[in-house]
Amino acid sequence: MTIGNISPKEKRSRRGKQVVDENAPLLPKRRGEEGGFDEFNGASFTGAVFNLSTTVVGAGIMALPATMKVLGLGLGIALIIFMAFLTEASIELLLRFSRVGKSVSYGGLMGDAFGRFGKGVLQVCVLVNNIGVLIVYMIIIGDVLSGTSSSGVHHAGVLEGWFGEHWWNGRTFVLLVTTLAIFSPLACFKRIDSLRFTSALSVALAVAFLVITVGISIVKLINGGIQMPRLLPVVTDLASVINLFTVVPVLVTAYICHYNVHSIDNELEEPTQIKGAVRTSLALCSTVYIMTSFFGFLLFGDNTLDDVLANFDSDLGIPYSSVLNDAVRISYAAHLMLVFPIVFYPLRLNLDGLLFPSARPLASSNFRFASITTGLIALIFLGANFIPSIWDAFQFTGATAAVCLGFIFPAAITLRDRHNIATKKDKILSSFMIVIAVFSNIVAIYSDAYALFKKNASTRE
């Protein structure tokens, strides 16, 4: 389900007594008129920042150092900052049109602008994006803890390295325990603000990874083991120019968090705080992104792999290298475990809205809540165990769906301008966002298809 329409007056009443309208019906006419905030005094600004930051910082952070290898530090960092400002602008458009249209969900806003079809397309995009992302998260957690042989060469996991190969540290069993002991309990919370403490810990683990990487870089810099990194890309021919555009999807999708903005906004004690929470979160995430990109590329240079975590599978050339490698991998796996429920929350809401558009709010139906939660977790678990090559497929589908959620839909809502509030500047910005989003989609499709074609060709040979 997507949260239904609640008037601003009703929304403000969450902090105090319920505002009673003498003319209001005793029973809600639609599912959306049931706010469900009576027993909740409102979320804090800090909780909103951490939940939004956790939504942003997921697995994509590990691909950013590789973008520096392609673009160089100067151009790469400049684009990270530029995308942060563009993301803030797109979220501001969403919030502004939501206020005017009195929509309290992304789906409701799309429905207001484009009707039932627009709302349905939005919900499908959330499903495609979030299911793909969560399967990839679970695959990475399995790779880190139990190892992987998907590339033809076996890379030992942390548990296998510590205890040797046993049935209880095999991939399926480890993911089953992780699902039952961590994912399932955290997925049972009915309010996103209930995840604020795990979100804070998730951000702390991302910072821990960053601190370890910075520490290793400084030690190697002092020992003279690091060369000066490139500031600009290497452009020698047309192929190298085309190669620059392959990082566009990574940068465009780096800050996608739009599907959770309304849920976080709805639970805030003071609704006017959402803009400050968005800006604070984007500033925090930008800092983490820039430092991870800078020190990751500084540490590994042109040997930086597409997933920088894979670089921590070898000798770093400093004392306690194996200990630091394990610390990096474990902190990252734990970070993804805590990101899981934040991404799962809007997935469950939108699937419910797609399947039961006229039903009561999901939080008020324990059976529906439990059934959808169990079904989705089972689907993600099966995908991570039996379709490990799904990474390539969901890199394609996830990137395209994420771009729609982050830029195409907000821009389309603005250009539709159903309430006649868009300025000329808004429409120019929206047109630019659609161009860059469509371009990144084309690049994503081309790069993934080309990589898949090369992989199949090499297999035949």
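Just after helix 8, Gly224 takes a positive phi of about 75 degrees. Helices here (H or I, at least four residues) are DSSP runs, numbered from the N terminus. Welcome to a predicted model, in which local features need pLDDT of at least 70, side-chain atom pairs count only at pLDDT 80 or more, and totals for chains, interfaces and linings use all residues. Residues are numbered from 1 along each chain as its sequence is written, and side-chain values use heavy atoms, leaving out hydrogens and water.

**Helix 8 and its partner, helix 13**

- Helix 8 has 27 residues and reaches 39 Å from its first C-alpha to its last, close to the 39 Å expected at 1.5 Å a residue; the expected span is 1.5 Å times one less than the number of residues.
- The axes of helix 8 (residues 196–222) and helix 13 (residues 321–355) come within 8 Å and cross at roughly 155 degrees.
- That angle makes helix 8 roughly antiparallel to helix 13, a label for angles over 145 degrees.
- Axes are lines fitted to C-alpha atoms, for helices over the stretch in contact, and angles run from 0 to 180 degrees between N-to-C directions.
- On the helix 8 side, the residues that meet helix 13 include Leu201, Leu205, Phe209 and Ile216; among their counterparts in helix 13 are Leu324, Val328, His335 and Ile342.
- By class, this contact of helix 8 with helix 13 has 13 nonpolar, 5 polar and no charged residues; Ala, Val, Leu, Ile, Met, Phe, Trp, Tyr, Cys and Pro count as nonpolar, Asp, Glu, Lys and Arg as charged, and the others, Gly among them, as polar.

**Helix 2 against helix 13**

- Helix 2 (residues 45–56) packs with helix 13 at an angle of about 100 degrees, their axes 9 Å apart.
- Helix 2 is therefore roughly perpendicular to helix 13, the term for 65 to 115 degrees.
- Asn51, Thr54 and Thr55 of helix 2 make the contact with Leu338, Val339 and Ile342 of helix 13, where contact means heavy atoms within 4.5 Å.
- This contact of helix 2 with helix 13 divides into 3 nonpolar, 3 polar and no charged residues.

- Among the buried residues of helix 3 are Pro65, Met68 and Leu71.
- Just after helix 3, Gly72 takes a positive phi of about 85 degrees.
- Glu160 is found in helix 6 (residues 158–163), and at 17% relative accessibility Glu160 counts as buried.

Technical notes: Helix = DSSP H or I, 4+ residues; strand = E, 2+ residues; numbered from the N terminus. Parallel < 35°, antiparallel > 145°, perpendicular 65-115°, else oblique. Buried < 20%, exposed > 50% of the residue type's maximum accessible area, 1.4 Å probe, protein only.
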